[in-house]
Amino acid sequence: MMIVVIAATNLSSENRIMNARTMNRIELVYRLTRFGFLLALGVLALSALFVTGGPVKDDHSNRNEVTTDTTSLRPPDKGKIPVAFLISDGAVVIDFCGPWEVFQDVMIPGSEVMPFRLYTVAETKKPIRTSGGMQIVPDCTIQNAPPPKVIVIPAQSAPSPAVLEWIRKSSKTTDVTMSVCTGTFVLAKTGLLNGKSATTYHGAFGRFAMQFPDVQLKRGARFVENGNLATAGGLSSGIDLALRVVERYYGREVAQKTAYNMEYQGEGWMNPDSNQTYATSLMSTAEHPLCTVCGMDVDPKIAPKSVFKGATYYFCSEDDKKTFDAAPDKFITAVAPQSAVSGSSN
């Protein structure tokens, strides 16, 4: 029995020695393996760093959302940004008052000074009657207006050669020359949009496409930017384009705060392609005819009309009828795409 006990004791001692040696070897192997693994990770990390040293493109990014990295504008180191609102008789109030409200409401954190200086410009100082009968006495004329960094061109009466030349000359040094609604017609008449893309009021797509074939018309765009030129869709679209300009100068947070303070909940300024509902024309039917030129409702009992290739076309005014009659084939082509062929059968 003693022998057995001694033998057991000796074997236990020997096992402890062998186990210790085995554990030392296992520990050594473990440490070497861990070192090798960490070394491999380091090599892989360095390789990945060199491979991805260039810019990475995110194929899943929202292509509709405008980016601010490459289109940012630099505000002046001191002083305000001069914004000229070019107006004439018939200027549509929301087209210029909407952007005016945006620019006047901008506040920069840490500064009590409003960053934009706003003024109206016209060919003369003669009082102007805008849409709805509002009367405005322009602050400046095109001869004495301060050089603007931003120009806002709303829908208005046909410009004179002198006004067009002022736009061309001033736009050489502007950060942004922007049109709103059919103000795009005024900007296009300068020739500055030739070879570029633009948008306008959805009811003027046909007229614009006919009149300015050298400009690529973008239907369904809230606004379109080309360098220092920018065009907005109709009416409230000018608010979105103005907020976009604010974003380009001062960043998205400032633009969002401006919209918040205005209680403006539209988000079109963050997505230039957000006007898709206007990408196609409304359908005109015999029961519900629309003006072939502008797309507005008409009363077939009293509306001017033309018959072309067996179809009757109605218009809001004699001016619209003249526009159509001048080149019906071209006009019908220019109005496309549309949700249905306009016009009613006799």
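The structure holds ten salt bridges, a salt bridge being a side-chain nitrogen of Lys or Arg within 4 Å of a carboxyl oxygen of Asp or Glu. This is a predicted model, in which local features need pLDDT of at least 70 and side-chain atom pairs count only at pLDDT 80 or more, while totals for chains, interfaces and linings use all residues. Residues are numbered from 1 along each chain as its sequence is written, and side-chain values use heavy atoms, with hydrogens and water left out.

**First stop: Asp 175 and Lys 149**

Select Asp 175 and Lys 149, which form a salt bridge with their closest N and O atoms 3.8 Å apart. Asp 175 lies in the loop between α3 (161–171) and β7, and Lys 149 in the loop between β5 and β6, so the pair ties together parts that are 26 residues apart in sequence. Helices (H or I, at least four residues) and strands (E, at least two) are DSSP runs, numbered from the N terminus. Lys 149 has 30% relative accessibility and counts as partly exposed; buried means under 20% relative accessible area, exposed over 50%, and partly exposed in between (1.4 Å probe, protein chains only).

**Second stop: the sheet**

Next, display the open sheet of seven strands, whose order is β5-β2-β1-β6-β7-β11-β10 with mixed pairing. Two strands pair if DSSP finds at least two bridges between them. At the edges stand β5 (140–141) and β10 (223–226); each has a single partner strand, so one side of each is left without a neighbour in the sheet.

Select strand β1 (residues 81–86) and strand β2 (residues 116–122), which run parallel and are joined by six bridges. Here Phe 85 stands opposite Thr 120 in β2.

Now select Arg 248 and Glu 225, whose side chains meet in a salt bridge (3.4 Å, N to O). Arg 248 belongs to helix α6 and Glu 225 to strand β10, so this pair ties together parts that are 23 residues apart in sequence. Arg 248 counts as buried, at 8% relative accessibility, whereas Glu 225, at 24%, counts as partly exposed.

**Last stop: helix α8**

Finally, move to helix α8 (residues 318–326), where Asp 325 and Lys 321 lie four residues apart, about one turn of the helix. These two residues form a salt bridge, the closest N and O atoms being 2.7 Å apart. Asp 325 is partly exposed, at 35% relative accessibility.

To close, select Glu 225, Arg 244, Glu 247, Arg 248 and Arg 252, which salt bridges with shared partners join into one network.
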